[in-house]
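Hi,

Here is the structure I promised to pass on. Have a look at it first, and then read on for what turned up.

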Amino acid sequence: MTHPQTKVHRMFELVEPIATVTFSEVPNEAFLAIGMRNYWDGYFAGRAAPLGLAPAAVVHAVFYNFADGEVARHIPWVWGKTTPQEAIAVRERGSAAALRQMIGQLADSPDLVRVADLATRAAVSAPTEGRALYAGLRALDVPAEPVARLWHAATLLREHRGDGHNAALLAHGIGGTEAHVLLALSLGMRAEEFGRIHHLPKAQLAAVVDRLRGRGLVSSAGGFTDAGRETRERIEALTDELAAPAYDVLSVDELDELVAGLEPIAAAVQAVDG
C-alpha cells in the first residue's frame, strides 16, 4: 500500500517527540547512575549500542552529522564503563519510564496497546539494506510492555527515516555540519546561534558556511538563497519518499488509525517538553 507523502511526513512529526524522550532527564539520570560522566556519554552509549562495539569512526559515519572528533570523545570510553547490552537495557527502561511519566493516564489506556501494535508492525516491516542503525535496532527484541513497545517502535521508525535522510543528504552533496547549517537557516536562525553547532570553533563554522555560499546555497548575508531553499525542500521530500516503505504494510485505514492514536500521545509529550 503506497501512502501519500503528506501522511508519511505526519508520521515523522508524531514519532519524533515519542522517540526522543530517550534524550530527556530520566534516561540521562539512568546513564549517569552507571558511570557516564555527562549527557553526551549516555547519548552515544545508548544510541550507538545497537551497533555493538563499533569504533568511533564507524559511529561517526553512521550518525553522519557530528563534527569531526565529537564521537571520539565518548566512544570507546563509554565501553570501559558499560556494555552495549547494558546500555540498550538502560536506555529502554529509562525511555519507557520517561514516556509513561509524560503521557500520564494515556499510558494505561487500551488505545495505547493498539497504537503500539500498529506502530510496531510498521517499524519492523521496512527493508534494512543501506540502513545500518535501523538494522542494528531491528536485531533487538521488541519489548512486551506496551509503553516500552511504543517507544521502541517510534525509535525504529525515527532511525529508519534518519538513515534515509543521511542518504538524501549524501546524494545532494551536503555533509553533516552543512546539514545543521541548512536546518538552522530553515528555522530562521544564523548558524552560530544553532544549538548543535554553536560550540564549534568560529573559523570551522565559517568555513562550512563559506562552502555553502560558494555553491550558491547561502547568500552573502548568511541566509538561504532560492537555490538553497529548493535544495533543502528536495532533501526533505526525498527523505519522506525513502521513509514511506515502513508504512506499506498498513492499510489506509490502519495508517489513519495510527496517526489518530499517536496524536494525543505526541501532544502530551510536547506539552511537557514545551
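Let's start with two helices: α1, covering residues 5-19, and α8, covering residues 146-171, pack with their axes 8 Å apart and at an angle of about 125°. That angle makes α1 oblique to α8. As for handedness, α1 and α8 cross in a left-handed way. Keep in mind as you look around that this is a predicted model.

Which residues of α1 and α8 meet? On the α1 side they are H9, M11, F12, V15, E16, I18 and A19, and on the α8 side they are L150, W151, A154, T155, L157, R158 and R161. Sorted by class, this contact between α1 and α8 has nine nonpolar, two polar and three charged residues.

Next, the pockets. The largest pocket holds about 810 Å³ of space. Its lining is made up of 26 residues, and those nearest the centre of the pocket are E16, N65, R158, L183 and R196.

Where does the lining of the largest pocket come from? At least two residues each are supplied by α1, α3 (39-48), α8, α9 (176-186) and α11 (226-243). The helix that gives the most is α8, with seven residues. By class, the lining of this pocket has 13 nonpolar, five polar and eight charged residues.

Happy browsing!

Technical notes:
Residues are numbered from 1 along each chain as its sequence is written. This is a predicted model: local features need pLDDT of at least 70, side-chain atom pairs count only at pLDDT 80 or more; totals for chains, interfaces and linings use all residues. Side-chain values use heavy atoms; hydrogens and water are left out. Axes are lines fitted to C-alpha atoms, for helices over the stretch in contact, and angles run from 0 to 180 degrees between N-to-C directions. Helices (H or I, at least four residues) and strands (E, at least two) are DSSP runs, numbered from the N terminus. Angles under 35 degrees count as roughly parallel, over 145 as roughly antiparallel, 65 to 115 as roughly perpendicular and the rest as oblique. A crossing is left-handed if the near helix is turned anticlockwise from the far one by less than a right angle, and right-handed if clockwise. Contact means heavy atoms within 4.5 Å. Ala, Val, Leu, Ile, Met, Phe, Trp, Tyr, Cys and Pro count as nonpolar, Asp, Glu, Lys and Arg as charged, and the others, Gly among them, as polar. On a 1 Å grid over the protein atoms alone, a cavity is a set of points where a 1.4 Å probe fits but cannot get out, and a pocket is an open set with protein on both sides within 12 Å along at least five of seven lines; lining residues have an atom within 4 Å of a point. Grid points are joined across faces, edges and corners, and a volume is the space filled by probe spheres set on the points.
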